[in-house]
Amino acid sequence: MRTLLNVLWLVLSGFWMAIGYVIAGIICCVLIITIPFGIASFRIAVFALWPFGNRVVRRPGAGAGSAVGNVIWIVVAGWWLALGHITTGIALCLTIIGIPFGIANFKLVPVSLVPLGREIVPTDDRQRFAVE
């Protein structure tokens, strides 16, 4: 079932959202100081391609650096990507078949706003869920 949902997701919105994250990652990698943002953006691009079967959890040990970085990220690219998820989610929720995919888009909004200090793990990985 996960594979079917991921393939439908890829066709309906995953491909376009992943392109947005890749573009944001390339722009962030232009300057040396924003390379960590670019790496985070590429990591989320893969998650945006195949979200079903994965989950975002807080990374233990993420401190003040992640918080400051997330504020910078929101200004640079986060709000654009979050707006893309919200717009796509609303459009997908207009059809009955698209409602689960619209909800999945809404679940990606928090990680698009604050990606630093987060980790993407498979839903089967029970040990990482104990951190939350």
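## A quick tour of a 132-residue protein

For 132 residues, a compact globule would come out near 14 Å in radius of gyration, and this protein's 15 Å agrees with that. That radius is taken over C-alpha atoms, and the globule rule is 2.2 Å times the number of residues to the power 0.38. Keep in mind that this is a predicted model, where local features need pLDDT of at least 70, side-chain atom pairs count only at pLDDT 80 or more, and totals for chains, interfaces and linings use all residues. Residues are numbered from 1 along each chain as its sequence is written, and side-chain values use heavy atoms, with hydrogens and water left out.

**Overall build**
- The protein has five helices and two strands (DSSP runs, numbered from the N terminus: H or I of at least four residues for helices, E of at least two for strands).
- Follow the sequence along and you get α-α-β-α-α-β-α.
- Along the principal axes, the C-alpha atoms fill a box of roughly 40 × 35 × 20 Å.

**Inside and contacts**
- Buried residues (under 20% relative accessible area, with exposed over 50% and partly exposed in between, using a 1.4 Å probe and protein chains only) make up 38% of the 132.
- Take the contacts (heavy atoms within 4.5 Å) between residues at least 6 apart in sequence: 73% of them join residues at least 24 apart.

- You'll find S66 in helix 3, which covers residues 64–92.
- Is S66 buried or exposed? S66 is buried, because its relative accessible area is 12%.
- Leaving aside residues up to four places away in sequence, S66 touches R59, L116 and G117.
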